[in-house]
Amino acid sequence: MPAVTVADWTVLPRVIAALPDHEDRAPISVTTAPRGFEGEGFPVHRAFAGVDARALDPFIHMDQMGEVEYAPGEPKGTPWHPHRGFETVTYILDGVFDHADSHGGGGSITDGDTQWMTAGSGLLHIEAPPEWLVQKGGLFHGLQLWVNLPKAEKWSDPHYQDLRAGEVGLASTPDAGALIRIIAGEVDGVKGPGSTKTPMAMVHATVLPGASMTLPWRTDFNALVYVMAGEGHVGKERRPVQSGQLAVLGHGETITVGANAHQDSRHPALEVVVLGGRPIREPIAWAGPFVMNTKAEVQQAFEDFQKGRLGSIPSKKVPHAGVQGEILPE
């Protein structure tokens, strides 16, 4: 899990430990992500499966992609597919993903990079490993998060942010036992580069064995902790969590996550993604790649896609061009 790091965590800004009278967020539930397949067949963990949508708001869906070691010829991506009404956040820890869209946008993201796509009023999109990686094979691991857009933003123009690993805000705990990467939002004055339509924070933290971290957290945000690798605990009550599990936390001013003293040989530390955002509290109508407020708006999105109103596949050569459609969660 290379992501972004520094050789000496002690030189980073320190997240101030909570005062004794601060309310720490206690876990409400811990769920285990079922396995599935996405796009052309790459393995995923469905992080939000079985969780009440009201507890997730403003987030819709999240897949942990991999971790998988591909043989030569095996790397897979997604075919061309439409989106409307929300944002996709693709964070790559290992491997490379190229992306392109029907508006002429595109780019490549790799270890520690994030591609933040605001689908808004709609577009066609593709994500795929570059040809050299398909031929070579290798490790692939990432995360894709879907962030809902409020009604007023669902018809905004599509937009990309390619956030490079070197732009991520970095901090540590007072004892330098955890490396905190702020991708979006702000944690104790350290800001992430992501510009969000919906107020939110996204953090990737590495917690060393036996260490813990306590993050100050906005009280108007919800709080989710997803374990990408390792074993540990959340909350002052030390509720156990492990790889592939999501903890939904209750009200409070801080989030506490700790790593077990002993980790398995494949994952030397606890790796977690901490998410929070201001709930939108609007009706959600979701079908496949469209997240709107009403069923009529979803039906209109499907009609617009079928009639080519969301754009057309560019004529220039891109990986897997010419294939449309995608199996996505409903």
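Mentor: The account below begins with the sheet, moves to the nonpolar cores, and then turns to a hairpin, the aromatic pairs and several single residues. The model is a predicted one.

The open sheet consists of four strands in the order β18-β23-β20-β21, and their pairing is antiparallel. Its edges are formed by β18 (212–216) and β21 (239–242), each of which pairs on one side only. On average, neighbouring strands of this sheet are turned by 25° against each other, direction ignored. Within the sheet, β20 (residues 231–234) and β23 (residues 254–259) run antiparallel and are joined by three bridges. G232 has A259 of β23 as its bridge partner. As a general point, strands of a sheet pair through backbone hydrogen bonds, in either a parallel or an antiparallel manner.

The nonpolar cores come next. The largest of them has 29 residues, of which M213, W217, V225, V272 and V274 touch the most other members. Two or more residues of this core come from each of β14 (178–184), β17 (200–207), β18, β19 (223–229), β22 (245–249), β23 and β24 (270–277). With four residues, β17 gives the most to this core. In soluble globular proteins, nonpolar side chains tend to be buried together.

The hairpin is built from β7 and β8, with four residues between these strands. G104, in the turn, has a positive phi of about 95°. The two strands pair in the antiparallel sense over four bridges, and H99 stands opposite G107 in β8.

The structure holds five aromatic pairs. One of them is formed by F97 and F140, and this pair is tilted, with 5.1 Å from centre to centre and 40° between the planes. F97 lies in strand β7 (residues 97–101) and F140 in strand β11 (residues 138–148), so the pair ties together parts that are 43 residues apart in sequence. Another pair, F290 with F302, is edge-to-face, at 4.8 Å centre to centre and with 90° between the planes. Because F290 lies in strand β26 (residues 290–292) and F302 in helix α3 (residues 295–306), this pair ties together parts that are 12 residues apart in sequence. F290 is buried, with a relative accessible area of 0%, whereas F302 is partly exposed at 30%. Finally, Y70, F97 and F140 form one aromatic cluster.

Some single residues complete the description. D113 lies in the loop between β8 (106–109) and β9 (114–118). The relative accessibility of D113 is 7%, and D113 therefore counts as buried, the limit being under 20%. The side chain of D113 makes a polar contact of 3.0 Å with the side chain of R164. Apart from neighbours within four places in sequence, D113 is in contact with T90, Y91, I92, S108, L163, R164 and A165.

S172 is placed in strand β13 (residues 169–172). With a relative accessible area of 0%, S172 is buried. Leaving aside neighbours within four places in sequence, S172 is in contact with W9, L12, P13, R14, V15, G177, A178 and I180.

S265, by contrast, is found in the loop between β23 and β24. S265 has a relative accessible area of 77% and is therefore exposed, since the limit for that class is over 50%. The C-alpha atoms of S265 and W132 are separated by 30 Å, and these residues are 133 residues apart along the chain.

Definitions and conventions
Residues numbered from 1 in each chain as written. Predicted model: local features only at pLDDT ≥ 70, side-chain atom pairs only at ≥ 80, totals over all residues. Heavy atoms only, no water. Pairing = 2+ DSSP bridges. Axes fitted to C-alpha atoms, helices over the stretch in contact; angles between N-to-C directions. Core = buried A, V, L, I, M, F, W, Y, C linked by side-chain atoms within 4.5 Å. Buried < 20%, exposed > 50% of the residue type's maximum accessible area, 1.4 Å probe, protein only. Polar contact = N/O pair within 3.5 Å; in protein donor to acceptor, adjacent residues only side chain to side chain. Contact = heavy atoms within 4.5 Å. Phe/Tyr/Trp six-rings, centres within 6.5 Å; stacked < 30°, edge-to-face > 60°.
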